[in-house]
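Good morning, and thank you for joining. Please look at the sequence and the structure on the screen while I go through the helices.

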Amino acid sequence: MQFCIVLSAVAALSFAPVAVAQTSPAGNSSSLSEKDKTFMKKAAKGGMMEVAMGKLAEQNSQNPDVKSFGQRMQTDHGKANDELKSIASKKGVQLPTKEHTGKWTSDKAYIDMMVKDHEKDLAEFQQEASGGSDPDVKKFADDTAKIVQEHLQLAKDTQSKLK
């Protein structure tokens with residue numbers, strides 16, 4: 001009788017890892033809420049836009065402040081994009097990869113767009129930093145919000161010089 005109990009216990013334990021493996025989702029994506037995933041996708045899309053428009057500003061602007069701002073957008077947002085890609089890879093999130101194709105119209109139009117965009121981005125990053133559910137995504141949002149705040153101030157300063 002004891003032999004049957006031991007045999008049953010061993011059999012049950014040997015199938016436990018299979019049951020766990022079948023019910024566990026692939027990767028760590030289960031820790032991410034839809035809100036976190038949506039934030040990551042929007043941040044990736046926005047970051048790619050910042051880099052692309054920064055390149056256009058650097059190439060097309062005649063104003064040294066606008067050129068410098070464009071270079072900073074490429075550097076900072078490029079770095080943030082790489083960090084976000086790394087987090088997404090670990091969490092099993094597929095980020096958008098389509099490059100932004102913007103058109104250059106003028107220094108003023110670019111800087112006006114950057115002020116509006118960074119105001120919106122700052123609010124979104126701060127909201128994720130305080131209300132997100134994944135600690136890695138929250139930390140990314142918090143760290144990046146500080147940089148976005150700097151960008152917003154720099155954009156406003158540059159905007160005031162263009163008027």
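This is a predicted model: local features need pLDDT of at least 70, side-chain atom pairs count only at pLDDT 80 or more; totals for chains, interfaces and linings use all residues.

Residues are numbered from 1 along each chain as its sequence is written, and side-chain values use heavy atoms, with hydrogens and water left out.

H3 itself covers residues 64-91, and its 28 residues reach 40 Å from first to last C-alpha, close to the 40 Å expected at 1.5 Å a residue; the expected span is 1.5 Å times one less than the number of residues. Gly92 follows H3, with a positive phi near 75°.

The protein chain has five helices and zero strands; helices (H or I, at least four residues) and strands (E, at least two) are DSSP runs, numbered from the N terminus.

Let me turn to H4, residues 107-131. Its 25 residues should span 36 Å at 1.5 Å a residue, and its end C-alpha atoms are 35 Å apart, which agrees. Which residues of H4 are buried? Among them are Tyr110, Ile111, Met114, Val115, His118, Leu122 and Phe125, where buried means under 20% relative accessible area with a 1.4 Å probe, protein chains only. Their cover includes helix H2 (34-60), H3 and helix H5 (135-162).

Finally, for the protein chain as a whole, buried residues make up 37% of the 163 residues.

Note on methods
Buried means under 20% relative accessible area, exposed over 50%, partly exposed in between (1.4 Å probe, protein chains only). Contact means heavy atoms within 4.5 Å.
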